[in-house]
Amino acid sequence: MEESSRPTVGDYMTREVATVELDDTVGEVARRIADNDHFSGFPVTDGRRVEGFVSARDLLLAEDHEPMFRVMTDDILVAHPDMAVQDAARVILRSGIQKLPVVDDAGHLVGIISNADVIRSQIERATPGKVDKLSRTLENIHGITTHEGRREVDLAKLTPTQTTVYADELEGRVYELERGLAEPLVVIDNGGDLLLADGHHRVKAAARLDIDEMDAYVIVLDETVELGMAETAADSDLESIDDIEVVDYAHHPLVQTTERLQD
């Protein structure tokens with residue numbers, strides 16, 4: 001199920017960013033990290049321009065007097081405010097980093113987005129609004145009435161309507177499920193046939209974690225109709241969650257390339 005607009009990095013990034021300067025010393029920065037549990041590293045800036053990133057690990061083997069420009073990592077990944085949060089999530093998960101500096105077209109620091117921000121973007125989606133929109137669409141197309149409910153659904157009884165999911169986004173859904181952060185599925189009950197409309201990554205993650213049931217918004221059709229998504233599922237030989245293929249990140253059509261800062 002498509003959303004009319006995707007949340008962007010600019011929607012969820014932290015705008016007030018703690019930074020360090022090129023000439024700040026290892027000793028000074030190490031004390032800032034030690035004095036505040038929230039800091040594990042900093043963007044290194046020259047004025048407003050991001051020149052690198054320094055983490056606690058970068059400081060470990062350096063002498064206290066050494067400046068940031070000698071110990072920082074200067075070949076770093078950054079995000080743009082207009083980048084989709086989902087694509088930033090894939091970069092974070094694929095690279096194993098925890099934070100991406102966010103820069104504008106001039107390379108100036110405008111924020112930072114973390115893996116926690118990405119999770120927040122997922123659980124704050126307006127799922128009830130999506131469900132209501134889908135219900136109205138089904139009613140208008142098929143001339144029927146629907147009613148909505150919320151309940152646990154047996155994943156073995158779901159028919160998927162999407163042929164593929166993406167490996168690194170799947171890792172994100174596993175992370176959320178393990179922490180109880182995943183949003184409900186969206187399921188259509190068409191005369192007892194349960195079609196999965198939204199949540200294919202989540203059900204594949206659940207299967208990996210041996211979860212048999214999940215919370216779902218269920219749209220019940222008050223009379224049985226022939227749904228195009230059911231025909232598409234049949235044409236694609238989709239009968240169960242096991243039939244959904246997991247493909248690599250590199251094949252995702254929505255991936256945007258993040259900039260690598262150059263000297």
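**Exercise 1. Around helix H5**

Task: Find the residue just after H5 that takes a positive phi, then work out which residues of H5 are buried.

Solution. 
- Step 1. Look just past the end of H5: Gly96 has a positive phi there, of about 80 degrees. Keep in mind that this is a predicted model.
- Step 2. Now turn to the helix itself. Eight of the 11 residues of H5 are buried, so H5 is mostly covered.
- Step 3. List them: Val85, Gln86, Asp87, Ala88, Ala89, Arg90, Val91 and Ile92 are the buried residues of H5.

**Exercise 2. A residue in a loop**

Task: Where is Thr73 placed, and is Thr73 buried, exposed or partly exposed?

Solution. 
- Step 1. Thr73 sits in the loop between helix H4 (68-71) and helix H5 (85-95).
- Step 2. Its relative accessibility is 34%. Buried means under 20% and exposed means over 50%, so Thr73 counts as partly exposed.
- Step 3. Check its surroundings. With neighbours within four places in sequence left aside, Thr73 is in contact with Gly52, Phe53 and Asp58.
- Step 4. Take one of these, Phe53: Thr73 and Phe53 are 20 residues apart in sequence, and their C-alpha atoms are 5.4 Å apart in space.

**Exercise 3. The whole protein**

Task: How many helices and strands does the protein have, and what percentage of its residues is buried?

Solution. 
- Step 1. The secondary structure comes to 10 helices and 12 strands.
- Step 2. Of the 263 residues in the protein, 45% are buried.
- Step 3. For the surface, the protein exposes about 13900 Å², and 45% of this comes from carbon and sulfur atoms.
- Step 4. Look at contacts with a separation of 6 or more: 74% of them are between residues 24 or more positions apart.

**Exercise 4. The largest nonpolar core**

Task: How many residues are in the largest nonpolar core, and which of them have the most contacts inside it?

Solution. 
- Step 1. The largest nonpolar core has 20 residues. Those with the most contacts inside it are Val153, Leu155, Leu158, Leu185, Val187, Val203 and Met214.
- Step 2. Helix H8 (167-178), strand S9 (185-190), strand S10 (193-198), helix H9 (200-208) and strand S11 (213-221) each supply at least two residues.
- Step 3. With four residues, S11 gives the most to this core.
- Step 4. Apart from this core lies another, of 14 residues, including Val9, Tyr12, Val91 and Ile92.
- Step 5. Zoom in on Leu158. Not counting residues up to four places away in sequence, Leu158 touches Val153, Leu185, Val187, Leu194, Leu196, Val203, Glu239 and Ser240.

**Exercise 5. An open sheet**

Task: What is the order of the strands in the open sheet of five strands, and which are the edge strands?

Solution. 
- Step 1. The order is S6-S11-S9-S10-S7, and the pairing is mixed.
- Step 2. Strand S6 (146-154) and strand S7 (158-160) are the edge strands, as each pairs on one side only.
- Step 3. From one strand to the next, the twist averages 35 degrees.
- Step 4. Strands of a sheet pair through backbone hydrogen bonds, either parallel or antiparallel. S6 and S11 run antiparallel and are joined by nine bridges.
- Step 5. For an example, Glu148 has Ile219 in S11 as its bridge partner.

**Exercise 6. Salt bridges**

Solution. 
- Step 1. Side chains of opposite charge can pair when their charged atoms come close. The protein's count comes to 13 salt bridges.
- Step 2. Asp132 forms a salt bridge with Arg136, with the closest N and O atoms 2.4 Å apart. Glu139 forms one with Arg136 too, at 3.1 Å.
- Step 3. Glu139 and Arg136 are three residues apart, which means about one helical turn.
- Step 4. Compare accessibility: Asp132 is partly exposed at 37%, Arg136 is partly exposed at 32%, and Glu139 is buried at 18%.
- Step 5. Arg48 forms a salt bridge with Asp104, the closest N and O atoms being 3.9 Å apart. This pair links distant parts of the chain, 56 residues apart. Arg48 is exposed, at 52%.
- Step 6. Finally, find the network of salt bridges that links Lys130, Glu183, Asp198 and Arg202.

Conventions. Residues numbered from 1 in each chain as written. Predicted model: local features only at pLDDT ≥ 70, side-chain atom pairs only at ≥ 80, totals over all residues. Heavy atoms only, no water. Buried < 20%, exposed > 50% of the residue type's maximum accessible area, 1.4 Å probe, protein only. Contact = heavy atoms within 4.5 Å. Areas by Shrake-Rupley, 256 points an atom, 1.4 Å probe, with all protein chains shown as cover. Core = buried A, V, L, I, M, F, W, Y, C linked by side-chain atoms within 4.5 Å. Pairing = 2+ DSSP bridges. Axes fitted to C-alpha atoms, helices over the stretch in contact; angles between N-to-C directions. Salt bridge = Lys/Arg side-chain N within 4 Å of Asp/Glu carboxyl O.
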